[in-house]
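Hi,

Here is the structure I promised to pass on. Have a look at it first, and then read my notes below.

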Amino acid sequence: MSAGRFQGGGLRAYTLFYLLFLYAPILLLPLFAFNSGTIIAFPLKGFTTDWFVQMWGNATLRRALTNSLTIAMSASVLATCFGIFAARASTRFEFPGKTGIMGFIMLPMVLPEIIVAMSLLVVLLGVGAELSILTVIIGHTLICMPYGIAILSTAFASLDRSLEEAAYDLGETKWSAFRLITLPLVMPGIISSLLISFTISLDEFIIAFFLAGNEPTLPTYIFSQLRFPKQIPMIMALGTVLVALSIILLAIGEYFRRRGIARIGGKDSGGFL
Amino acid sequence: MAKRGMDAEARQGFTLIAPPFIYALAILAAPILTILSYSFLTDGYLEVVREFTLDNYRQVWTDPIVRTVMLRSLMVSALVTLVTVVLAFPVAYYVSFMVRPERKSMWLFLITIPFWTSYLIRVFLWKVILGYNGVINSSLTGLGIIDEPLTFILYNVNSIVLTLAHAYAPFAILPIFVALEKIDRSLLEAGRDLGENRLMTFWRVTLPLAMPGVIAAVLIVFIPTIGDYVTPELIGGGKIPMIANLIQVQMLALDNRPLGSALAVTAMLVVAVVSLLFLALNRRFLKVKQ
């Protein structure tokens, strides 16, 4: 047994080390964001909040923020709506070609984003559409959809069918049973899907880079500023805010995901993906 | 009656799946078919000429630059996949076998958080960590361990591999974790009871049963990394392009959409062929009954 414990200890140490590797960039971020030196390197100079102040006063950045929030909100709502349809269809109904159709809808999860972005761009330019945040929303909805479906499928799959049937027996119509019984039960999954989609869209770079035209979004703004050493400390401050925001959103999403599983009485089997 | 019931169910299923399916057809399938058809057309000045040609493919397959970049992309992706999956396996194993069940989701949450936080800034910070005056070099010189900054971690393929391995870590951990979770623990006890030691039990029972997860992890890391645009751009300083950068240059900077399309289609084909080959080589593991 002592050998087993030793082995467990070794693995534990390795896993903790691995976590450190995963978190290394995120841990460095606030260090540089609050560092008064203008060069991103060690040793650190001193404490300052100037970069956050500078960030607040930046008009382009504010425009990028507004755009990103608009895009993320629209894309997450659209992706979640599509996700509800797909998750409901795949968990509740059998129909020919289901595996193929579902596989195709989930494809953007593994397809390189450059392919999605480039092919969509070619079509949009081909039909003479003007690039704007609307075109980014269209692209983001597509890539957020599979993640939404993955989360929502878990929520719908663990749903007890007899609850709906009981509602039909008690005289509810299909729609009212869905609204009164199913929807409240999968609501945590829906919120979780909204939050994850929001986070993905907020952070997505490639599609925004190619489809936004002249409109900045947060990632494309960050990308454009990384070329200028003078701007880097401010970008670090922005990064710190974004990381904090993502973690908060994810924590809320995780909370609802777990609550959803607890509500349906299922067993928690894992994380988001 | 039963048949009619089936039909009604199928119809309802189709009605429900229609909106997301049509969306995916319009926004994903139609554009991909468009670049597929573009790849057979001729590039004219400012427009695509509707003239069938195989020249784009001829050019893609004979150009030494394209070949170099394609091979580099494949090599980088393969390396990233190898590094990511090998490093991730013990983590998935630890969380599945050593962590108490009620704490597993917390561990998974901890593992996935970095993945969801600003990709660009994470990539940029690796440049800061690995750079000439970066965290690693300045600490090592500060401690007097090295006199000159290490250059093998700087703006080269190594740093691209490291950055991508970091970015795709959860993609590897989660599928392996799911496969490990499915393993019936009594099989391991049976192995031990039959006189196998820990290592042999792992080798002959755990690993083969975990292979579907490992295979999924390999594909799910390999396919997107080959199309990564940001990391070669930021870490490689634009000097070590991968296939995505080449596609972007052809499509936008040089405005040669047919050639760019042919590049994109070729890249997808290469990825598909490599993935299918990999699946074929490992098909015996996928037949394992769980």
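Let's start with the fold. Going along the sequence, chain A reads α-α-α-α-α-α-α-α-α-α-α, with 11 helices and 0 strands (helices are DSSP runs of H or I with at least four residues, strands are E runs with at least two, and both are numbered from the N terminus).

Before going on, please note that this is a predicted model, where local features need pLDDT of at least 70, side-chain atom pairs count only at pLDDT 80 or more, and totals for chains, interfaces and linings use all residues. Residues are numbered from 1 along each chain as its sequence is written, while chains are lettered from A and ligands numbered from 1 in the order in which they are written.

The C-alpha trace of chain A spans about 70 × 70 × 30 Å along its principal axes. Of its 273 residues, 45% count as buried (20 or more other C-beta atoms within 10 Å of the residue's own, with C-beta atoms placed from the backbone).

An unreviewed UniProt entry annotates residues 65–253 of chain A as "domain: ABC transmembrane type-1"; such annotations may be inferred rather than shown by experiment. That stretch is 80% helix and 0% strand, and its end C-alpha atoms are 21 Å apart.

Now for the two chains together. Their contact (C-beta atoms, placed from the backbone, within 7 Å) takes 69 residues from chain A and 73 from chain B. On the chain B side, helix 1 (residues 2–38) gives the largest share, 20 residues.

Cheers

Terms used: Buried ≥ 20, exposed ≤ 12 C-beta atoms within 10 Å, placed from the backbone. Contact = placed C-beta atoms within 7 Å.
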